[in-house]
Amino acid sequence: MIVTGIPVSGGIAVGRLVVVGALMPTDVDSVSVSESGGSAEERMTRLVAAVAASRQEISSIAAQTRQRIGSDPAAIIEAQLLVLDDPEWWEPIRDEVLGGAEPTTAVRSVTEAVAEALASLDDPYLRERSADVLDVGQRVAGHLVGRSRTHALHGQTGDVVVAAHELTPTDTLDLDLDVVRGIVTEAGARTSHAAILARQLGIPAVVGAVGVLEAAAPGVVVVLDGDAGTCEIDPEPHALDLARARSLGRATPSVITQSVTTRDGVQVHVLANASSVSDVERAVAEGADGIGLYRTEFLFMRSDGLPDEATQAEHYAAVAEAAGGRPVTFRTLDVGGDKPVPGLKMDPEENPFLGVRGIRLTLANRPVFDAQLRALARTSDAFPGVSVMVPMVSGLEELDDVRRVLQDVAPRVAFRLGAMVEVPSAALLVDALAREVDFLSVGTNDLTAYLLAADRGNRHLHGLYSEFHPAVLRALHLIRDGAKETPVSVCGELAGDPRATGLLIGLGYRQLSVSGPLVPAVKERIRTIDTAAAERAAEELLRARRHRDVDAILESRPFEA
Ligand code: PEP
Ligand code: MG
């Protein structure tokens, strides 16, 4: 049986299914509490011990995270320590326990009340803290009942695929990477923190796989395909062998540090997408030729208020420094109604995806845009490889406005200016846009969503939302062809999918920007491609009329002949 969900972190995983679960709010009741009752003093002792154990655990996850994937994600985890010290959380729990309540009951009721109160606030930063409070409360409750949320993993050996209703960021970072090969959850979206962390850790993951917990008994062998978004339960022996071979091929790519060419000697640059200094360090270690997309919005989302020009300039310089002289393309702030930023007021919108997003938002918030462009101009003075790219461009007018702003705030600006092609109108106008900028980059994530009018995170539309849809392939051809001499890269998730490498090369793309951990696999793939065969295959793919025709052509591996 195959359960389908949303693919969020590529690769194949084969392993026994182990279910890990939340201990709150429902599970706590069913756990037999080994020690309950006792005097107020005894109950307080248990509570204090559980809080201390949680503090120690969170600190150790943060330390491991810093070592594994860097200081920015570690800081997200460390923020949870603040919850343990917050009197608004701690004092009512203490009072309830002193007043006769069981510690588990007190932790649960206060945690839920605090989380609920935070979730209802207008300030998006405080709203986000609601998830931290719940996460911490679950951890403390787990210690009180003598079980951690990932307790099912303790003592496991061999290869394991973790299944859960949902994983929090700390759950994800707490997974034992010696045994965990893949993750499948019933809830979650491509953009949830756990999904992003899974990608950074290089663990194949599928979210939104509704029904997987019911369909699969713990211990059964599953094949998780993080590219296709499927979890096959108890597969046939031959399917299992095939999957094992594919998982090994993917898991041990050799790191290629020099630039790579196709079999017939055509150079293709593989850059990385990044959103923190540690992402950049990791991408460089994986052999990336540079950073093709630096998502600056993460700096804004991580900050307490809006980061000022000096803070931004310092951060961008650290990014450029970490890239060690390789080119870096900074994308200007790309947020909107769906992605809130602390300190930036955004009116609620009926259709945030068709609303004030990306360049529309920054042009409407000049002080914010000006500060960012000044900071980027300062960075480019010190680091010549810096380019700047604007997101969500829909036509020439926005580029005219950007040029005017630049003239105003940084008249001597030295950086190369580029535009993302991710709105269908930009794809149709690509010849005109190409004349106005130094380079273009195709954001296939949004372009696919807007071409097909299908939300990338909506599991009901998963069959429709596909970057391999014939319409998307035709748009990719139109863009590469229409841009003529202007360099065009692809920086959406499609660029990191090894099934698409031959297609993109066949269409004429020579620069791909992919998630850092995927750099070696994409480079390896490029070395197997024959450009002439890829061009023929691309022509055939452009004639495909249905999605299944595309799949059939791709399956025949037409790029290597
Ligand atoms: C895209 O839309 O393809 C893209 C790269 O940008 P993001 O995923 O950040 O919207
Ligand atoms: Mg986008």
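Tutor: Strands S15 and S16 (residues 488-490) run parallel and are joined by three bridges. This is a predicted model, in which local features need pLDDT of at least 70 and side-chain atom pairs count only at pLDDT 80 or more, while totals for chains, interfaces and linings use all residues. Residues are numbered from 1 along each chain as its sequence is written, chains are lettered from A and ligands numbered from 1 in the order in which they are written, and side-chain values use heavy atoms, with hydrogens and water left out.

Student: What makes S15 and S16 a pair of strands?

Tutor: Strands (DSSP runs of E with at least two residues; helices are runs of H or I with at least four, both numbered from the N terminus) pair if DSSP finds at least two bridges between them. S15 and S16 have three bridges, so they pair. Within this pair, Leu440 stands opposite Val488.

Student: Why is Thr262 called buried?

Tutor: Thr262 has a relative accessible area of 2%, and buried means under 20% (exposed is over 50%, partly exposed in between, with a 1.4 Å probe and protein chains only), so the word applies. Thr262 lies in the loop between S9 (260-261) and S10 (267-274).

Student: How do you know that the side chains of Thr262 and Thr531 make a polar contact?

Tutor: Their distance is 3.4 Å, and a polar contact is a pair of N or O atoms within 3.5 Å (within protein, one must be able to donate a hydrogen and the other to accept it, and residues adjacent in sequence count only if both atoms are side-chain atoms), so the pair qualifies.

Student: Which element gives the most to the shell around ligand 1?

Tutor: Helix H19 does, with three residues. A polar side-chain atom of Arg331 lies 2.8 Å from an oxygen atom of ligand 1.
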